[in-house]
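Subject: Structure handover, with notes

Hello,

Here is the structure I promised to pass on to you. Please open it alongside this message, so that you can look up each part as you read.

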Amino acid sequence: MSLYQEALDLFDLTVDFRRDFHRHPELGFNEVRTSRIVADELSRLGYEVQTGLAKTGVVGLIQGEQPGPVALLRFDMDALPVQEDTGAEYASETPGLMHACGHDGHVAIGLTVANLLMRHREAIKGTVKLVFQPAEEGMGGAAKMIEAGILKDPAPDFALGVHVWNERPVGWVCAVPGPVMAGAEIFKIKITGRGGHGAVPHQAVDPVAASAQIITALQTIVSRNVSPLQSGVVSITQIHGGETFNVIPQAVEMAGTIRTFEPEVRKLVLERFNQVVQGVAEAMGCQAEITMQDLTPATINDRWVTERMQERIRKDWPEAELVTQYQTMGSEDMSLILNAVPGCFLLVGSMNAERNLNYAHHHPRFDFDEQVLPHAAALLASAVLEGLGEGQKKK
Ligand SMILES: [Zn+2]
Ligand SMILES: [Zn+2]
């Protein structure tokens, strides 16, 4: 029986887990209930379990009877502050919180992988570390899990992760060597001028007019500085200033995000960003204060591991549309693990337009086709059982 067949046998269990997590979403570092269920299930299956890493993180460890590499498989657990509007019978029971990114599915995939591996315990070569991570959604969960020691004792030789992907249908699977998801910065800008009467602008220094110039000038970074063959994003997503009609405010505050793939593009965009904001503000007689926060680096898949993963996909899931060139401007903190350990982050298509399961990630109506779950679990289990990391150190 193939691993996929075995995963299908577990389908009801997988879906029960997924829907239970979906009903009870928890925000980053507060995945108390989720992590308790994960730890209980891993213990029940016979894993050596560590809990309380980065508050709510859980690690399940299993040592195979045969020697081999150490594999790290990572699954994120957090939900989002979104009010669910799917009307699903398993919709969130917590007002204002929702699994709108599919991390409920990731936890269910992880527990299914745990189950599949235990059934084939005798075939495991080396050690498997199943990492259930809190707080992926821009809250630094991966960094905290690394601080808590997931990359030590034993140190992984390769790392795998997966994201359900609602931009493509079930049957689409993406294993891209090199950068697949963008690096992200978030920023705040405060433009300070001199407030005054709206009817006497010459006696004020207007930060509203300066901010308008800055926003326009920032658009030239991607269109005029980044090579047309490379990519980047500079988005201003918030702007606040002023209280009333006839007062020029003292200051305007803006916020936004920067996305890039290549380190040299990132450097260029950040340099130009500073020059443009400071230069335009100065020209308009204002002061600019920039706070830049490096959220996550780009998610870069290791070529060797990714090619091995592609071989597994071709063999185990021949009907799948395997995509080896694809990039998205979304970001992912799996990137921090992949910066330290060679690995592959898979995207698996999860959309089903006929069933209206085609809303974008983070949308209040986001939901995905659960048929993807056994496929994803079987692929990850297969990668481990077929010794994906073997021979890697010899390369
Ligand atoms: Zn998300
Ligand atoms: Zn996500």
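This is a predicted model: local features need pLDDT of at least 70, side-chain atom pairs count only at pLDDT 80 or more; totals for chains, interfaces and linings use all residues.

Helix H4

Helix H4 covers residues 103–119, and its 17 residues reach 24 Å from the first C-alpha to the last, which is close to the 24 Å expected at 1.5 Å a residue. H4 is mostly covered, with 15 of its 17 residues buried.

H4 and H10

One partner of H4 is helix H10, residues 372–385, and the axes of the two helices come within 9 Å and cross at roughly 45°. H4 and H10 are therefore oblique to each other, and their crossing is right-handed. On the H4 side the contact involves Gly105, Ala108, Ile109, Thr112, Val113, Leu116 and Leu117, while H10 brings Leu373, Pro374, Ala376, Ala377, Leu380, Ala381 and Val384 to meet them. Sorted by class, this contact of H4 with H10 has 12 nonpolar residues, two polar ones and no charged ones.

H2 and H10

Helix H2, residues 11–23, also approaches H10, with axes that come within 10 Å and cross at roughly 105°. That angle makes H2 roughly perpendicular to H10. Here Phe11, Thr14 and Arg18 of H2 meet Leu373, Pro374 and Ala377 of H10, and by class the contact has four nonpolar residues, one polar and one charged.

Two residues in strands

Isoleucine 62 is found in strand E2, residues 57–63, and it counts as buried because it has 21 C-beta neighbours inside 10 Å, the cut-off for buried being 20 or more. Leaving aside neighbours within four places in sequence, isoleucine 62 is in contact with Tyr47, Leu117, Ile124 and Val128. Isoleucine 62 and methionine 118 are 56 residues apart in sequence and 8.5 Å apart in space, C-alpha to C-alpha.

Glycine 241 is found in strand E10, residues 232–241, and with 18 C-beta neighbours inside 10 Å it counts as partly exposed. Setting aside neighbours within four places in sequence, its contacts are Pro207, Val208, Ser211, Pro249, Ala251, Val252 and Glu253. Glycine 241 and arginine 272 are 31 residues apart in sequence, and their C-alpha atoms are 24 Å apart in space.

Best wishes

Technical notes. Residues are numbered from 1 along each chain as its sequence is written. Chains are lettered from A and ligands numbered from 1 in the order in which they are written. Axes are lines fitted to C-alpha atoms, for helices over the stretch in contact, and angles run from 0 to 180 degrees between N-to-C directions. Helices (H or I, at least four residues) and strands (E, at least two) are DSSP runs, numbered from the N terminus. Angles under 35 degrees count as roughly parallel, over 145 as roughly antiparallel, 65 to 115 as roughly perpendicular and the rest as oblique. A crossing is left-handed if the near helix is turned anticlockwise from the far one by less than a right angle, and right-handed if clockwise. Two residues are in contact if their C-beta atoms, placed from the backbone, lie within 7 Å. Ala, Val, Leu, Ile, Met, Phe, Trp, Tyr, Cys and Pro count as nonpolar, Asp, Glu, Lys and Arg as charged, and the others, Gly among them, as polar. The expected span of a helix is 1.5 Å times one less than its number of residues. A residue is buried if 20 or more other C-beta atoms lie within 10 Å of its own, exposed if 12 or fewer, and partly exposed in between; C-beta atoms are placed from the backbone.
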